[in-house]
Amino acid sequence: MWTTVALLTVLGTAPSTSPSPSGEGGAGDLSLRHVRSTHGLLGPERRNEALAPGDNLFLCFDIHGIRVDVEGKVRYSMVIELKDASGKVVFRQEAKEQEARASLGGDSVPAYARLSVGLDSPPGDYQMKITVKDLATGQEQSLSHNLKILAKDFALVRTTVALDPEAHYTAAVFTCGQSVWVHTSAVGFTHARGKQPDVVFEMRVFDEAGKPTLANPVTGTPPKDLPSDVSGIPMGFPLALNRPGKFTVELQATDRISGKKAKTSFVLVVQGAEN
């Protein structure tokens, strides 16, 4: 369930939603825009760049000015480097060729990089550098993103919003009347000798004024038959989006053996249904 590799990066793309020029896309100056880190692919934006061991970071951005062929295809490569605070390269992924479609036209496509932090990753400050090359024109552009890996402790990681209870399909747009699942996992809990982990989860939702939407938090507990050596405990909460607005979802886990608590939160914007 949890990677033992210290740092792993995976790349991917999705279709573009940009306006279309006529004919073959003429590339302009290549640029990387709308850079943001998210909880899950294209999910709610993260509030900080501090990652606990076992966590994921999705860095999403748009590639602008890329050459689009007459069939709506784009070809580019990515190189990724991760450096520690001393400037030493601790991970490098060599140029990896990507292909995407701009089915709606335009000269841009969204892309992302995913960083999975191993449970034994050294704490400290890091910088991730992504270099994109348009293979049709030879133009290159880079972006750098600073992040921190925390010391190993009790924490909530891999928080995301999905359309299903198994978290196979992430949710990117939230509309009134929709139902989603909020997923998270606890790591760093106490393993008492001969006993199963004892962790309880809570979810609270606050409106834009800071008022809780329900009088009591929604609670959840993991199965009673967890193996004693499990390294991560996942939990999912259903969330019905019954009205539009801007909300803050707060998750908390309590390790009832050590007494430690861990929290995380994110902002969820629910759009009204269009007429």
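# Strands, burial and salt bridges

Asp229 is exposed, with a relative accessible area of 64%. The model is predicted, and the values below were computed from it. Asp229 sits in a loop, the one that runs between strand 13 (218-220) and strand 14 (232-240).

**The chain as a whole**

The protein chain contains 16 strands and zero helices. It has 275 residues, and 47% of them count as buried. The chain exposes about 14000 Å², of which carbon and sulfur atoms supply 49%. Among contacts between residues at least 6 apart in sequence, 71% join residues at least 24 apart.

**Strands 4 and 7**

Strand 4 (residues 56-64) and strand 7 run antiparallel and are joined by nine bridges. In this pairing, Phe61 is found opposite Ala111 of strand 7. Why is strand 7 (residues 108-117) largely enclosed by the rest of the structure? Nine of its 10 residues are buried, so the strand is largely enclosed.

Ser77 belongs to strand 5. Ser77 counts as buried because its relative accessible area is 10%, and the cut-off for burial is under 20%. Leaving aside residues up to four places away in sequence, Ser77 touches Ala95, Lys96, Glu97, Thr131, Val132, Lys133 and Leu135.

Glu97, one of the residues touched by Ser77, also takes part in a salt bridge: its side chain meets that of Arg75, with a distance of 3.2 Å from N to O. This pair links distant parts of the chain, since Arg75 is in strand 5 (residues 73-84) and Glu97 is in strand 6 (residues 89-101), 22 residues apart. In regular strands, side chains alternate between the two faces of the sheet.

**Salt bridges**

A search of the whole structure gives 10 salt bridges. One of them joins Lys73 to Glu71, where the closest N and O atoms are 3.7 Å apart. Another joins Arg204 to Glu202, with 3.0 Å between the closest N and O atoms. Salt bridges also link Glu81, Arg92 and Glu94 in a network.

The table gives the accessibility of the residues in the pairs Lys73 and Glu71, Arg75 and Glu97, and Arg204 and Glu202.

| Residue | Relative accessible area | Class |
|---|---|---|
| Lys73 | 22% | partly exposed |
| Glu71 | 54% | exposed |
| Arg75 | 36% | partly exposed |
| Glu97 | 51% | exposed |
| Arg204 | 28% | partly exposed |
| Glu202 | 18% | buried |

Is Glu202 buried or exposed? Glu202 counts as buried because its value is 18%, and burial means under 20%. Glu97 is exposed because its value is 51%, and the cut-off for exposed is over 50%. Glu71, at 54%, is likewise exposed.

Terms used:
Residues are numbered from 1 along each chain as its sequence is written. This is a predicted model: local features need pLDDT of at least 70, side-chain atom pairs count only at pLDDT 80 or more; totals for chains, interfaces and linings use all residues. Side-chain values use heavy atoms; hydrogens and water are left out. A salt bridge is a side-chain nitrogen of Lys or Arg within 4 Å of a carboxyl oxygen of Asp or Glu. Buried means under 20% relative accessible area, exposed over 50%, partly exposed in between (1.4 Å probe, protein chains only). Helices (H or I, at least four residues) and strands (E, at least two) are DSSP runs, numbered from the N terminus. Contact means heavy atoms within 4.5 Å. Accessible areas come from the Shrake-Rupley method with a 1.4 Å probe; for residues, only the protein chains shown count as cover. Two strands pair if DSSP finds at least two bridges between them.
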